[in-house]
Amino acid sequence: MKISLPRLHLFSYIEGLSFLFLLCFAMPLKYIWGIPLAVKILGMVHGVLFLFLVGSILFYCREKRYSFGKLFLALLTTTLPFGWKYLDDVFES
């Protein structure tokens, strides 16, 4: 599976947007208006996108033969809010 850095950046951006939709749209629906269905749906979508992003990072680091340190930093960016902005910095250093 070939993954380019721009494609990996796009994956991380989409995953970050799903997290923002989950926080800003689904969570208020659940806790303010009592509609938990949005959290179930968007939470599952976000979870699948997150796993896809982690898998893509693993494939990319294996393909480029990066060290474990770079892999760890790249995976760390997936846990940070707006971490997709820092993903390019990890692979350029």
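**Helix packing, piece by piece**

Reply: Let us start with Glu15, which lies in helix H1; please keep in mind throughout that this is a predicted model.

Me: Ok, is Glu15 buried or exposed?

Reply: Glu15 is buried, because its relative accessible area is 6%, and buried here means under 20%.

Me: And which residues does Glu15 touch, leaving out those up to four places away in sequence?

Reply: With those set aside, Glu15 touches His46, Leu49, Phe50 and Leu53.

Me: Switching to H1 and H4, how do their axes cross?

Reply: The axes of helix H1, residues 5-31, and helix H4, residues 84-92, come within 9 Å and cross at roughly 150°. Since angles over 145 degrees count as roughly antiparallel, the two helices H1 and H4 are therefore roughly antiparallel to each other. The crossing of H1 and H4 is right-handed.

Me: Which residues meet there, and what classes are they?

Reply: From H1, the residues Leu5, Leu8, His9, Ser12 and Tyr13 meet Trp84, Leu87, Asp88 and Phe91 of H4. Sorted by class, this contact of H1 with H4 has six nonpolar, two polar and one charged residues.

Me: Now H3: which of its residues are buried?

Reply: In helix H3, which spans residues 68-77, Lys70, Leu71, Ala74 and Thr77 are buried. They cover an arc of only 120° around the axis, so they sit on the same side of H3.

Me: What covers those buried residues of H3?

Reply: The cover over the buried residues of H3 includes helix H2, residues 37-64, and also H4.

Methods:
Residues numbered from 1 in each chain as written. Predicted model: local features only at pLDDT ≥ 70, side-chain atom pairs only at ≥ 80, totals over all residues. Heavy atoms only, no water. Axes fitted to C-alpha atoms, helices over the stretch in contact; angles between N-to-C directions. Helix = DSSP H or I, 4+ residues; strand = E, 2+ residues; numbered from the N terminus. Parallel < 35°, antiparallel > 145°, perpendicular 65-115°, else oblique. Left-handed = near helix turned anticlockwise from the far one by under 90°. Contact = heavy atoms within 4.5 Å. Nonpolar A, V, L, I, M, F, W, Y, C, P; charged D, E, K, R; others polar. Buried < 20%, exposed > 50% of the residue type's maximum accessible area, 1.4 Å probe, protein only. Arc of directions from axis to C-beta.
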